[in-house]
Amino acid sequence: MLEIILERFSYIPIIILMMTGLYVVIATGNLVKRLVGLSLFQTSVFLLYITMGKVFGGQPPIIAGDAHGGDAGHGADAAAGYGAEAAAGHAAETAHHVAEIAYSNPLPHVLILTAIVVGVATLAVGLALVVRIREAYGTIEDDALNAADYSLETGSAE
Amino acid sequence: MDMLASLLPAGIAVHAPALIVVIPLIMAAVAAFMPKGLWAWGVTLVTAIAVAVLSLNILGQVSTGGVISYAMGGWLPPAGIELRVDMLNVPLLLLVGIVGLLCVIYALPSVADEIAKKQQALFYSAFLVCFAGLLGVTITGDAFNVFVFLEISSISTYTIIAMGAGKDRRALTASYNYLVLGTIGATFFVIGVGFLYMATGTLNIADMAAVLEQNGHDRVTQAAFAFIVVGLGLKAAMFPLHVWLPNAYAFAPNFVTAFLASTATKVAFYALIRFVFSVFHPEVNFVAMSFTWLFAVVGVVAMMVASMQAVFQTDARRLLAYSSVAQVGYMMLGLGMGTAAGLSASMLHLMNHALMKGALFMALGAFALNFGVRRVKDLAGLGQTMPASSAAFTVASLSLVGVPLTVGFTSKWYLVTAALERGWWWAVAALMISSLLALAYVARLLSAIWMETPPAGKAGIAPARRLAPWMVLAPMSLLAFANIYFFFHADPLVGLARAAANAVMGGN
């Protein structure tokens, strides 16, 4: 039992964050706080993706160069300089490296970069809407907004 | 079809799948810099025409040459991002492209009336972003890309809905609520995609399906299924998750409502079909169970409850918005049958519903443009003052009920046939009852328009107002005419729907 929990340790904070965020969205009547909850909820998903990319014992996903200690880009430059034969040998060497070292998966990080941008854009639009709501209604509390709309629907019928 | 395929020079036709998304995105930036609303509208119109032509061309290419797979940036799938067009998403592309074009023509007078002058260019820009997002969701073959495009379209949708605040401040709260719920939906969807990625190690939809078929399903993929269904269900206004829709449709600018009602939920529904049928196979145990116990049940409940709610609305657009929720219920029911016949009925209803609701919301927009009316009782006597718009409205609303001689009848006919094939008598009964409820709410609108006399002081239209509406009237009448035309010439739409169902169900 303990082993099962420890193996999945990384999910515990994620689930806590996720539920906290969702709870805040549902429970609060303040529009700004609701957006805070929403961001928290989204952030938990970012973490879910990031932890997904971790491989136990995995290296950072940078293809290590040869003895010169260069990176892949450097290797490619060198290969261009030394001609086709050297390039082929170099490629084989790089492939060899890749085969023996376990790398963490970089893709989820890239995905999450996009998702963060989406999250920021959503938050920005949400906050802009809250500003406009405050200008139009003079409040950002849900109850007060509903009351204002309700009186609009019933009271001021032409 | 050959004619459509050779609509564009080969050099452009090859890149059509990419261009159809890229052009609106770039033009959105161009439109934002236009100094006048009219110019921005011109940019939007040119873009919409280009997209409509491209979508026709893609239809031609797919019908003659089969599935198009476009490797974005030359990176081959599954590693690269793939744009993939088959018979399932071609109808959606056509729908978004052509209805989008009609809506854009309609937009000029409507937007000029509703949006402040200096905001118009930005408004059109946001609309183009939304347009690009919807096309992107439809055309992409990459699961994470679906999320990104879904959010591109949603975020711009929140802003253009909020622009209705010039007429009614409730547009702001409607938009805010949509933002919160839409974001929760998108996040649920992305959690689901994450789980699928964990289980399969790929993001390409076709590849995912292949890996899942090989590896079978476990609890991770079941969780993924649940998250994706809830997430996309929220975007598609599946019944208990529809609460954002009525207010958003009721208070958005008229043009936005007409566009969204006929495209946005449809595209989300397409994405749902894509995931449920293509990624998860309908014969997998838990998917098959979800058809009967989730989609069919939710569909029937939506047909009943939302139609019932529609009957009691006072705001005309809210009434139609509830009816939209009910119509999504019809589509869910078709999907829930889990047969090719059910799915094709569902796709047919999707297209037909876009024709009806497009015309209906445009007509309500025309009424609002001339008289500023919103509530059902304010529609009184419009049959005399605005006969053409009222006629279009009448045709489309009869189609909504499913009266013979309109497309509404065709799609309901196919739905009933599919339900009978499956032996679901209760579904047929539900369809009938829901149609009667539809008759009840449509009758309220039509009796107000035709039976009642116009209140004094409304009969005289200001002469300046009479000039604008041909741009309003033309797309509206075209959609209303399509509602009748496709009853008599049902083959094109039925053929598209059948081909779509066969594309995902495989064969038969």
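In this predicted model, the buried residues of helix α17 of chain B are S389(B), S390(B), A392(B), F393(B), T394(B), A396(B), S397(B), S399(B), L400(B) and V401(B). The helix itself covers residues 387–401, 15 residues in all, and reaches 21 Å from its first C-alpha to its last, close to the 21 Å expected at 1.5 Å a residue. Its buried residues pack against α14 (316–336), α15 (340–371), α16 (382–385), α18 (407–422), α19 (425–451) and α21 (470–488) of chain B. After α17(B) comes G402(B), which has a positive phi, near 100°.

| Cavity | Volume | Lining by class |
|---|---|---|
| Largest | about 90 Å³ | seven nonpolar, four polar, one charged |

The largest cavity is lined by residues of chain B, among them C130(B), L134(B), L150(B), Y178(B), K235(B) and A268(B). At least two residues of this lining come from each of α6 (120–139), α7 (143–162) and α12 (254–279) of chain B.

For the second largest cavity, the lining consists of Q42(A), V45(A), F46(A), A115(A) and V118(A) from chain A, together with F147(B), E151(B), T187(B) and V190(B) from chain B. Here α3 (31–52) and α5 (107–137) of chain A, and α7 and α8 (170–200) of chain B, each supply at least two residues, while α3(A) gives the most, with three residues.

Note on methods
Residues numbered from 1 in each chain as written. Chains lettered and ligands numbered in written order. Predicted model: local features only at pLDDT ≥ 70, side-chain atom pairs only at ≥ 80, totals over all residues. Heavy atoms only, no water. Helix = DSSP H or I, 4+ residues; strand = E, 2+ residues; numbered from the N terminus. Expected span 1.5 Å × (residues − 1). Buried < 20%, exposed > 50% of the residue type's maximum accessible area, 1.4 Å probe, protein only. Contact = heavy atoms within 4.5 Å. 1 Å grid on protein atoms, 1.4 Å probe; cavity = no way out; pocket = protein on both sides within 12 Å on 5 of 7 lines; lining within 4 Å. Points joined across faces, edges and corners; volume = space filled by probe spheres on them. Nonpolar A, V, L, I, M, F, W, Y, C, P; charged D, E, K, R; others polar.
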